[in-house]
Amino acid sequence: MSIDTQAYLFVHFIGEERNPTDEQLYFALSRDGVHWRDLRPAGSPALTWLGGEKGVRDPHIVRDPRGGFHIVATDLSIYYRGGWGPNDGATTNGSTGLVIWDSPDLVHWSEPRLVDVASKIPDAGMAWAPEANWDPDRGQWIVFWSTKSNAESSADPLANELGDPTNVYYATTVDFRVFSDPVKWIDRKNVIIDSTMLRDDGGWWYRASKDSEITIERTRNPYATTYEVLRTDDPNEWSYVGTLTDIFGNGRYSMHYLEGPELFRYNDEDVKVINGRTMPFGLMCDQYAESKGYLSFRAASLASHDPADWQRADDIDFGALKKRHGAILPITAAEYDAIETAFAL
């Protein structure tokens, strides 16, 4: 049964890690995907995690096709680690678990729990930037994240093989409580982190990742493992589509400026037609290097690297709070009203 979504919920963290509440979860709402309203000011998060590292970042929210909702997020507090630096240890002695919330209605949330996913990876240093996608063909969730494998050498298939020791791994689950063993999903010479994935109505899966660029790939088999990016006609392998740099011809759209890409789909009534192209997909990236918050794009086709199929979304007003590495969930009008009533201050 299709759900008549008419609005959006944005779940994110904020700020510059200057306060412990910067690394907690905040909610924002929008009726049109363009104008966003923060439900609470800085210092008053909607959801709080005080276990593990006492901070939570990079949340991803999903609607469960069997009913209810889930949030998966990174267990990390840079504030409590004293800030970023050569000795912060965040990637070498960080948490190997993900923080998870469940809700039947987006208003009543379970107590957060920490679920280990990465400790079986040799010398795993962290589990960062998780995302979850429902696979309707197998009836399970694909949950993926980035881990730095610090082992200098290992025959273990989970260990790093190419260049930078940070790779993307996935595990599967049906309930967000019991997870399969991790699988190394992406291993490249350059750092690979912050992947996001979306399945279109035709059964193609699209992935955008922060590697040397913001790189877009596609496949019909989301479980395919990859090393370096490649173009292939094999639909069961991940095939290179393009990067934001080659689509826009702008070097400031590379990984040196952008991180935390997030793919989503606009509600039907909010899809814009620009220069004759219908653009149902959104991609937003955190401008972390310049501390500017999100930069957004619209796309007519995620399979295209034709600049005519992509536009910068300069009309979006994200509100007063600086939003960092979060996720957008289309919601119904009734869900919008319920969230607003429950969380707005």
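This is a predicted model: local features need pLDDT of at least 70, side-chain atom pairs count only at pLDDT 80 or more; totals for chains, interfaces and linings use all residues.

Student: What box do the C-alpha atoms fill?

Tutor: Roughly 50 × 45 × 40 Å along the principal axes. As for burial, 58% of the 345 residues count as buried. The accessible surface is about 13800 Å², and carbon and sulfur atoms account for 47% of that.

Student: Switching to rings. How many aromatic pairs are there?

Tutor: The count is 20 aromatic pairs. One of them is Phe10 with Tyr294, a tilted pair with 5.7 Å centre to centre and 50 degrees between the planes.

Student: Where do Phe10 and Tyr294 lie in the chain?

Tutor: Phe10 is in strand β1 (residues 7-14) and Tyr294 is in strand β20 (residues 294-299), so the pair ties together parts that are 284 residues apart in sequence.

Student: Are those two, Phe10 and Tyr294, buried or exposed?

Tutor: Phe10 and Tyr294 are both buried. Another pair to look at is Phe264 with Tyr266, which is edge-to-face at 5.0 Å centre to centre, with 65 degrees between the planes.

Student: Why does Phe264 count as buried?

Tutor: The cut-off for buried is under 20% relative accessible area. Phe264 has 8%, so it falls in that class. Tyr266 is buried too, at 3%.

Student: Which residues do ring pairs link into a cluster?

Tutor: Tyr8, Phe10, Trp36, Phe264, Tyr266, Tyr294 and Phe318.

Student: Now salt bridges. How many does a search of the whole structure find?

Tutor: It finds 27 salt bridges. Take Arg81 and Glu53, whose side chains meet at 2.7 Å, N to O. Arg81 is in the loop between β5 (69-75) and β6 (97-103), while Glu53 is in the loop between β3 (36-38) and β4 (56-63), 28 residues apart. Arg81 is partly exposed at 22% relative accessibility, whereas Glu53 is buried at 16%.

Student: What does Glu335 form a salt bridge with?

Tutor: With Arg63, the closest N and O atoms being 2.9 Å apart. Glu335 is in helix α2 (residues 333-343) and Arg63 is in strand β4, 272 residues apart. Glu335 is buried, with a relative accessible area of 14%.

Student: And how about Arg188 and Glu217?

Tutor: Their side chains, Arg188 and Glu217, meet in a salt bridge at 2.8 Å, N to O. Arg188 lies in the loop between β11 (183-186) and β12 (193-199) and Glu217 in strand β14 (residues 214-219), so this bridge ties together parts that are 29 residues apart in sequence. Arg188 is buried at 2% relative accessible area, and Glu217 is buried at 1%.

Student: Last one: which residues are linked in a network of salt bridges?

Tutor: Glu17, Glu23, Arg57, Lys210, Glu259, Asp286 and Arg324.

Definitions and conventions. Residues are numbered from 1 along each chain as its sequence is written. Side-chain values use heavy atoms; hydrogens and water are left out. Rings of Phe, Tyr and Trp (its six-membered ring) pair if their centres lie within 6.5 Å; planes under 30 degrees apart count as stacked, over 60 as edge-to-face and the rest as tilted. Helices (H or I, at least four residues) and strands (E, at least two) are DSSP runs, numbered from the N terminus. Buried means under 20% relative accessible area, exposed over 50%, partly exposed in between (1.4 Å probe, protein chains only). Accessible areas come from the Shrake-Rupley method with a 1.4 Å probe; for residues, only the protein chains shown count as cover. A salt bridge is a side-chain nitrogen of Lys or Arg within 4 Å of a carboxyl oxygen of Asp or Glu.
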